[in-house]
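Here are some exercises to work through with the sequence and the 3D view side by side. Try each task yourself before you read its solution.

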Amino acid sequence: MAADQMVTVSDHLFSGAIVGYSAALMALCGDYAFGKGERRAAARSEARARKAESKAAQRSRSTALVGAGAPVDDEVDNDVVDDTAAGDTSAVHVTDAGVKDSDDDYVPSKWGPRLGLIGVVLTTLALVAHITSLVLRGLATERLPWGNMFEFASAIVICAVVTYLVLAFRRPDRRFLGAFLLPIVVLILVLSGLKLYVTAGPVVASLRSYWLAIHVSAASIASGILLVSFVASVLYLVKVRHEEKERATGDYVPSRIAGALPSSATLDRLAARTMMFAFPIWTFAIIAGAIWAEAAWGRYWGWDPKETWAFISWVVYAGYLHARATPGWKGRKSAYLNILGAATMIFNFVVVNTVIAGLHSYSGL
């Protein structure tokens, strides 16, 4: 196959990958929509169980006070009815609003798991098309296919999707993450195709080095994993706010999005573990870049805009990991640091590459 033909096929596969990711997104959103009833039913039962335990604890304290001779009110607490006394152990019925609400009438939808599986399969097929597109572009140009912004953005997306699929295959209950990650994936690819696309060709002389395979590859892998960590931190903030409302009301609080998410602790662990995996890779990418700079320009570090913002991102992410081990900085504050780190990465990729002139101006635009 001739080089121009490979480039044409590569472009068609890139477009096909966008279509595939979009179809997978719709399937995963369907999984989230159909499956959330079951997850909400479990959350509702858990919230009501907590309320029942609280009422039981109050009655125990009242009994203890009576035994100690303390005066108590004669009013009987009828807010919570324990159906286990009547042989019904399926649900707790809250009657303070005069309505008997049971989870027994909930019938799990068979479409939730099916759509989730379809979404993962479509994501995998789109990833295969996406990787093939990048490989063909590299074969056509006889170089590694991440020598400009368009190719680098494509490589980041591939690494993010691979990270998601690894999480989804290991734990099917993490498929929900695709409903929030794939919109970002599709947006990045569409904007890259519209604004960053350049004709496939050779790179500038300073990039013709084996360090391109080391430094840029590490940066792509780290950036893709950090994107997944960013999504998990945003979802954590959404969920922790919802849980605070439930604690304030003492009962289940309906929510179209947060109610179907896993616990905030689960999301926090997901963000932290992906960060702990990506941070050493990002550190290695910066070190490898410094070594390459010495070989190319005769100095390890020159505070070039790209170098400076890469270091700023590293500091913010290091602060995130440190905050998680510092009392008073866990939870929301550390999540905000993760989001701030993502903002510095976006600024570095978009603004520094296109607006600020420097030695790393290889956007190809």
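Buried means under 20% relative accessible area, exposed means over 50%, and partly exposed lies in between (1.4 Å probe, protein chains only). This is a predicted model, in which local features need pLDDT of at least 70 and side-chain atom pairs count only at pLDDT 80 or more, while totals for chains, interfaces and linings use all residues. Residues are numbered from 1 along each chain as its sequence is written, and side-chain values use heavy atoms, with hydrogens and water left out.

**Exercise 1. The overall plan**

Find how many helices and strands the protein chain has, and in what order they run.

Solution. 
- Step 1: Starting at the N terminus, the order reads α-β-β-α-α-α-α-α-α-α.
- Step 2: Of the 365 residues in the protein chain, 45% are buried.

**Exercise 2. The span of α5**

Solution. 

**Exercise 3. The nonpolar core**

Work out which residues have the most contacts inside the largest nonpolar core.

Solution. 
- Step 1: A nonpolar core is a set of buried Ala, Val, Leu, Ile, Met, Phe, Trp, Tyr and Cys residues joined through side-chain atoms within 4.5 Å.
- Step 2: The largest such core has 76 residues, and Y21, Y164, L177, V185 and W282 have the most contacts inside it.
- Step 3: Elements giving two or more residues to this core include α1 (3-67), α5 (211-249) and α6 (264-297).
- Step 4: α5 supplies the largest share, 16 residues.
- Step 5: Now select W282 and look for contacts, meaning heavy atoms within 4.5 Å. Leaving aside neighbours within four places in sequence, W282 is in contact with A219, A222, S223, A310, S313, W314 and M345.

**Exercise 4. Salt bridges**

Decide whether the partners R137 and E151 are buried or exposed, and find which helices they lie in.

Solution. 
- Step 1: A salt bridge is a side-chain nitrogen of Lys or Arg within 4 Å of a carboxyl oxygen of Asp or Glu. Side chains of opposite charge can pair when their charged atoms come close.
- Step 2: The whole structure holds six salt bridges. One of them joins the side chains of R137 and E151, at 2.6 Å from N to O.
- Step 3: R137 lies in helix α2 and E151 in helix α3, so this pair ties together parts that are 14 residues apart in sequence.
- Step 4: R137 and E151 are both buried.
- Step 5: R137, R143 and E151 are linked in a network of salt bridges.
- Step 6: For another case, the side chains of R332 and E244 meet at 2.8 Å, N to O. R332 is in helix α8 and E244 in helix α5, 88 residues apart. R332 is partly exposed at 30% relative accessibility, and E244 is partly exposed at 33%.

Methods:
Helix = DSSP H or I, 4+ residues; strand = E, 2+ residues; numbered from the N terminus.
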